[in-house]
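User: I am new to this structure and would like to learn how to read it, one feature at a time. Could you give me the general idea behind each feature and then show me the case here?

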Amino acid sequence: MKTKVFLGISLVIIISFGIWLIFPNESDELIELDVNRERPLTDQIENWSLYQEDSEITVGGTGDCGNAEYTEFFKKVNSGSRKVLLLNNVLELVITPNYEEITNEQFLAWNSDDTAICVAGGIYPYYAYKDKLLWKGVCSTGYIPPENSSDYQRFQDCLEAEEAVEKYFSTTENVPNDWLTFESDNFGYQISYPSDWFLEEGNQFDNIITDFYLSPEQCGENDACMSRFVVILTVADKGCYTAEDCAEVMPYSAICSIAEEREQVTIDQFSAIEQYEYPEENCGTESIYQKVVYWIRDNTLYTLQGLDDSAVDYRHYAETFELIKDSIDFL
Amino acid sequence: MKRFSWLVMLVVIGIMVSQAAVAVTVEESTWGTIKALYRTEEMNCGDNWTRQQIEKYVHNFVPLEEGANYRGYPPYSFGLSVPFIKQVPPGDWDNTKNCGQACGVMLGGYYNGGAVADWVIIAENRWLRRFTGNTRYLNDNGWYTNFSGKNTLGNLLYHFHALRTIVYYGNQPDDIINEVAHGRPVLAGVRIKDGKLVGSGGTSHWVLVVGWDGRIVIHDPGTSSGRYKRYSIAAFRDSWEEEGKIYVPVFR
């Protein structure tokens, strides 16, 4: 009996060894594939050799509402070379030639131009290199698959990939070389702005120090000319509860804040906000759109506001606004 | 015999008069809808439709094809007069996550006569920020919404718009249409690619089912031309199945 058991075990060991001898590479290949998959997502984004030609894919997001000029351009792009990388096996990154040497600012501006791109769920402009355009898909237009559905993991993978792309490009220096830099020794920060814009000293209010106004045209004493961006500093003392409250005592923001229902938070909670974006539109009787970004540093509130008046929408400068925002550096 | 003829004639005349009365009622109520739609469009600024364009959308429901087999579906075509808003603005098409919020604005307009404008989407997002504590809702492009976890969309509809919902999974598109036939617009999870419903690929998206004319009629906030868009049953089902056949009738 013992001999039979011994023979049986030996047979199993010999067969297993034989199988390992015959198919030794299969497990190696699997390991290699896993290594590829585990390569950091950020390393893959600008590794152009990973992008594969795909004639089925379309970029642009024009639907049937883009204007003729853009539609013509998108047709050209979609009939030429399109190489695709599925980042994290789900998020589409596409590269196409930069046929008309479009600048990055022009390229990204299409995203906020309703006559260029006007549908959700497309593959959109993301970054313009000198020789190529990078387009990026999206994970969702707002819907999250239910947690118990098979789609949920795919969605999570996509979010991970999207975060990697955003992180990767947020560390890339986007500010053009010819921009001017303003450095505030008093308040410890610097900011860059286009060389053909004008910087004006502001006024001083109670606990607020208006540092300067930025505008594409020189305003001087001309009241009709409104600054497009304002950098404001204030000391976040006990009188300042929420970001909205702080905004209320600042120029141009009060109109929108008056009608707001606000919940008060403590100064500690407020100080915990590192960066906070606050859009406002169509408040009060006048059409005003503004976008405000707040930072808290060393108990000081910094804000950058993009403003409009009835004539000019700040969104015309949306890309510039984002670049100025990115350029702010706390010394 | 003569008396009988008179009787028949009277009945016929009676029927004709009642039909005319019904027609007048329908016309008046439809024109009320048209005016309501027109007002909401005016509020949207920059997308001012003419009366003819609006009439075309409200009236242009194709009669069901005679003899076609739509088993389980209503034997008539209809469209709810739900006002439409696209999900951009606010934000940009490449980053927008406001499809659920835009559907909420349409539903608020339909049930409560609420304003149908992009600033309401921003107000909804502010409410969502307070409800969830997630500051990402304060971005112009909003943030994701659904009916599981914190039930963000369900809570938004209940607390912000005073509307109730029931979440269903499974069944067939005719179940959706029969809900809509009872005057309840239905939120449906679908896949969208370049502003069109797709059966594979694409991204997750909320649309509002608002009618039926042999095809399924939706308000799709994911495209500027998303008002009363029609999809065949098969095209809708393929896209809806990709998202697990979730559908949510909304009522007051």
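Analyst: Let us begin with burial, where a residue is called buried if 20 or more other C-beta atoms lie within 10 Å of its own, exposed if 12 or fewer do, and partly exposed in between, with C-beta atoms placed from the backbone. In chain B, which has 252 residues, buried residues make up 46%, while in chain A, with 331 residues, buried residues make up 31%. This is a predicted model, in which local features need pLDDT of at least 70 and side-chain atom pairs count only at pLDDT 80 or more, whereas totals for chains, interfaces and linings use all residues. Residues are numbered from 1 along each chain as its sequence is written, and chains are lettered from A and ligands numbered from 1 in the order in which they are written.

User: How many helices and strands does chain B have?

Analyst: Helices (H or I, at least four residues) and strands (E, at least two) are DSSP runs, numbered from the N terminus. By that reading chain B has 7 helices and 9 strands, and chain A has 10 helices and 15 strands.

User: Is helix H3 of chain B largely enclosed or largely open?

Analyst: Of the 14 residues of H3(B), 12 are buried, so this helix is largely enclosed by the rest of the structure. Among the buried residues of H3(B) are B:Cys99, B:Ala102, B:Met106 and B:Tyr110. Just after H3(B), B:Gly113 takes a positive phi of about 65°.

User: Which residues touch the most other members of the largest nonpolar core?

Analyst: A nonpolar core is a set of buried Ala, Val, Leu, Ile, Met, Phe, Trp, Tyr and Cys residues joined through C-beta atoms within 7 Å. The largest has 89 residues, of which B:Met106, B:Leu187, B:Ala188, B:Leu208 and B:Val209 touch the most other members, and H3(B) gives the most to this core, with 7 residues. Two residues are in contact if their C-beta atoms, placed from the backbone, lie within 7 Å, and B:Met106 touches residues including B:Val82, B:Phe84, B:Val116 and B:Leu208, not counting residues up to four places away in sequence.

User: How many residues of chain B are in contact with chain A?

Analyst: The count is 42 residues of chain B, in contact with 35 residues of chain A. The elements of chain B that give two or more residues to this side are helix H3 (99–112), helix H4 (118–132), strand S4 (186–193) and strand S6 (203–212).

User: What is the order of the strands in the open sheet of chain A?

Analyst: Two strands pair if DSSP finds at least two bridges between them. In chain A an open sheet of 5 strands has the order S1-S2-S3-S5-S4, with antiparallel pairing, and its edge strands, S1 (52–53) and S4 (124–128) of chain A, each pair on one side only. Strand S2 (residues 83–87) and strand S3 (residues 91–97) of chain A pair in the antiparallel sense over 5 bridges, and the bridge partner of A:Leu85 in S3(A) is A:Leu93.

User: Is B:Ala123 buried or partly exposed?

Analyst: B:Ala123, which is found in helix H4 of chain B, is partly exposed, with 18 other C-beta atoms within 10 Å.
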